[in-house]
Amino acid sequence: MAFPENIDQSWSLFLDRDGVINQRIPGGYALRPDDFVFLPGVPESIALLGSLFGKVVVVTNQQGIGKGLMTEKQLQAVHEKMMDGIRQAGGRIDAVFFCPDLSSKPDNCRKPSPFLALEAQKRFPEIDFAKSIMVGDTESDMRFGRNAGMFTALIGDEPVSSQWVDGHFADLPAFAKYIQKIIQSS
Ligand SMILES: [Mg+2]
C-alpha cells in the first residue's frame, strides 16, 4: 500500500457516506433518520481516526434532493443522527459537504468533480490535499480523491481500476486500524 507513514494532525480525512459510514440502500436514499444505519464499528473507527487526523469531513452525493425525494432539511435530520452516533462513540465529524445536483445536470457538483473538496478547503483553509486521504466505496470516490490530488482508500468489494486506488480495505474499521498501525510503527 502506498500511504506515507508521517500522517499527523496536519492531515485531513475525507469520508464518503453511503457504503462507508452507513449501509447503502440499493436504488434508494436515506430519506429519514430511520433509514440511516451505521455499518458495524464505524462510530468507534471515526473516533479513532479523529484522534489521528486534524480534520475529518464527509463528502456525499445526494441527488435525492435534486430529484425532489427529500429536502435539505430532511438530509440535515439524517446527518444529525449520524453526528449523534459518532459523538456518543467519542468521535467527531468537522463538517459535511453534500451535492444535491442531479447527475444529468451539466457541470454538476457531484463526485468525481472535486467541487466538494474545494468547498471543504474554503471552509478549512488548512486542508492540504497532498496531505489528505479520501475513503470511499466507488470509483467515483477514488477519482474525486485523485482529481483533488489526495491519496485514496477503497472500501468494500466494488471493482475499481487500481490506477485510482492507493489502498484497499474491507471496511472503515480495517482502514482505521491500518492507519493507526503505520503511525505507531513510524
Ligand atoms: Mg458510497
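Biologist: Which residues have the most contacts inside the largest nonpolar core?

Modeller: The general idea is that in soluble globular proteins, nonpolar side chains tend to be buried together. In this predicted model, the largest nonpolar core has 32 residues, and L15, F53, I133, V135 and F175 have the most contacts inside it.

Biologist: Which elements give two or more residues to this core?

Modeller: They are strand 1, helix 1, strand 2 (55-61), helix 3 (72-88), strand 4, strand 5 and helix 6. Helix 6 supplies the largest share, five residues. There is also a second, separate core of 17 residues, with A95, C99, F124 and F144 among them.

Biologist: What span should the 14 residues of helix 6 have?

Modeller: Counting 1.5 Å a residue, helix 6 (residues 172-185) should span 20 Å, and its end C-alpha atoms are 20 Å apart, which agrees. At the start of this helix, a side-chain oxygen of D171 comes to within 2.9 Å of the backbone nitrogen of A174.

Biologist: Now for helix 3. Is V78 buried or exposed?

Modeller: Buried means under 20% relative accessible area. V78, a residue of helix 3, has 0% relative accessibility, so V78 counts as buried. Beyond its neighbours within four places in sequence, V78 contacts R17, A30, L31, R32, P33 and F36. Take A30: this residue is 48 residues from V78 along the chain, yet their C-alpha atoms are separated by 7.4 Å.

Biologist: Which residues are the protein donors of the magnesium ion?

Modeller: The donors are D16 (OD), D18 (O) and D137 (OD), which lie 2.1 to 2.2 Å from the ion. Their spacing in sequence is D-x1-D-x118-D. D18 sits in the loop between strand 1 and helix 1, while D137 sits in the loop between strand 4 and helix 5 (139-148), so the pair ties together parts that are 119 residues apart in sequence.

Biologist: What are the relative accessible areas of D18 and D137?

Modeller: D18 has 23%, so this residue is partly exposed. D137 has 7%, so this one is buried.

Conventions. Residues are numbered from 1 along each chain as its sequence is written. This is a predicted model: local features need pLDDT of at least 70, side-chain atom pairs count only at pLDDT 80 or more; totals for chains, interfaces and linings use all residues. Side-chain values use heavy atoms; hydrogens and water are left out. Helices (H or I, at least four residues) and strands (E, at least two) are DSSP runs, numbered from the N terminus. The expected span of a helix is 1.5 Å times one less than its number of residues. A polar contact is a pair of N or O atoms within 3.5 Å; within protein, one must be able to donate a hydrogen and the other to accept it, and residues adjacent in sequence count only if both atoms are side-chain atoms. A nonpolar core is a set of buried Ala, Val, Leu, Ile, Met, Phe, Trp, Tyr and Cys residues joined through side-chain atoms within 4.5 Å. Buried means under 20% relative accessible area, exposed over 50%, partly exposed in between (1.4 Å probe, protein chains only). Contact means heavy atoms within 4.5 Å. Donors are N, O and S atoms within 2.8 Å of the metal (3.2 Å for Na, K and Ca); water is not among the atoms, so sites may look incomplete.
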